[in-house]
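Student: I would like a close look at one part of this chain, the helix. Please set it in the context of the whole chain.

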Amino acid sequence: MLRSLVGSEMCIRDRVNLEAVAAQHVVVFDAGSDEERGFSLTATTAVSAILFAGKRLKEPIAWHGPIVMNTQDEITETFRELQSGDFPPVRVNWDYKHIANKPNSS
């Protein structure tokens with residue numbers, strides 16, 4: 001997946017297609033086989049983009065704002081935890097929500 005950030009339109013060519021992509025848009029690539037992997041990007045002005053790559057998990061995706069989970073119920077529970085102050089879970093033994101409370105590394 002490639003997420004265009006800023007700049008003019010860019011052109012993405014994978015092994016099969018040529019696609020024009022505007023800023024703030026997403027392109028999803030299919031890398032199901034070695035023949036389908038690879039792409040090139042061209043633009044007439046400077047552009048910024050982020051490339052996300054990884055193994056496909058074959059799991060359902062539920063997405064709302066910055067939260068990505070597997071089900072809508074998990075999304076609802078996460079927002080409930082955010083609103084109650086229970087998210088993110090505590091993973092250290094100091095109050096990580098206030099940096100002044102961080103113990104000195106010695």
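Tutor: Start with overall extent. In this predicted model, the chain has a radius of gyration of 20 Å, whereas a compact globule of 106 residues would have one near 13 Å. Along the principal axes, the C-alpha atoms fill a box of roughly 50 × 35 × 25 Å.

Burial comes next. Of the 106 residues, 10% count as buried; the cut-off for that label is under 20% relative accessible area. The chain exposes about 8,600 Å². Carbon and sulfur atoms supply 55% of that area.

Now place the helix. The chain has 8 strands and 1 helix. Read from the N terminus, the order is β-β-β-β-β-β-β-β-α.

Helix α1 covers residues 72-84, which makes 13 residues. From its first C-alpha to its last, α1 reaches 18 Å. At 1.5 Å a residue, the expected span is also 18 Å, and the model comes close to that.

Look at the residue that follows.

Take the contacts between residues at least 6 apart in sequence: 40% of them join residues at least 24 apart. As for charge, there are 14 negative and 11 positive side chains. The centres of these two sets lie 5 Å apart.

Methods
Residues numbered from 1 in each chain as written. Predicted model: local features only at pLDDT ≥ 70, side-chain atom pairs only at ≥ 80, totals over all residues. Heavy atoms only, no water. Helix = DSSP H or I, 4+ residues; strand = E, 2+ residues; numbered from the N terminus. Expected span 1.5 Å × (residues − 1). Rg over C-alpha atoms; globule rule 2.2 N^0.38 Å. Buried < 20%, exposed > 50% of the residue type's maximum accessible area, 1.4 Å probe, protein only. Contact = heavy atoms within 4.5 Å. Areas by Shrake-Rupley, 256 points an atom, 1.4 Å probe, with all protein chains shown as cover. Lys, Arg positive; Asp, Glu negative; His and termini not counted. Charge placed at Lys NZ, Arg CZ, Asp CG, Glu CD.
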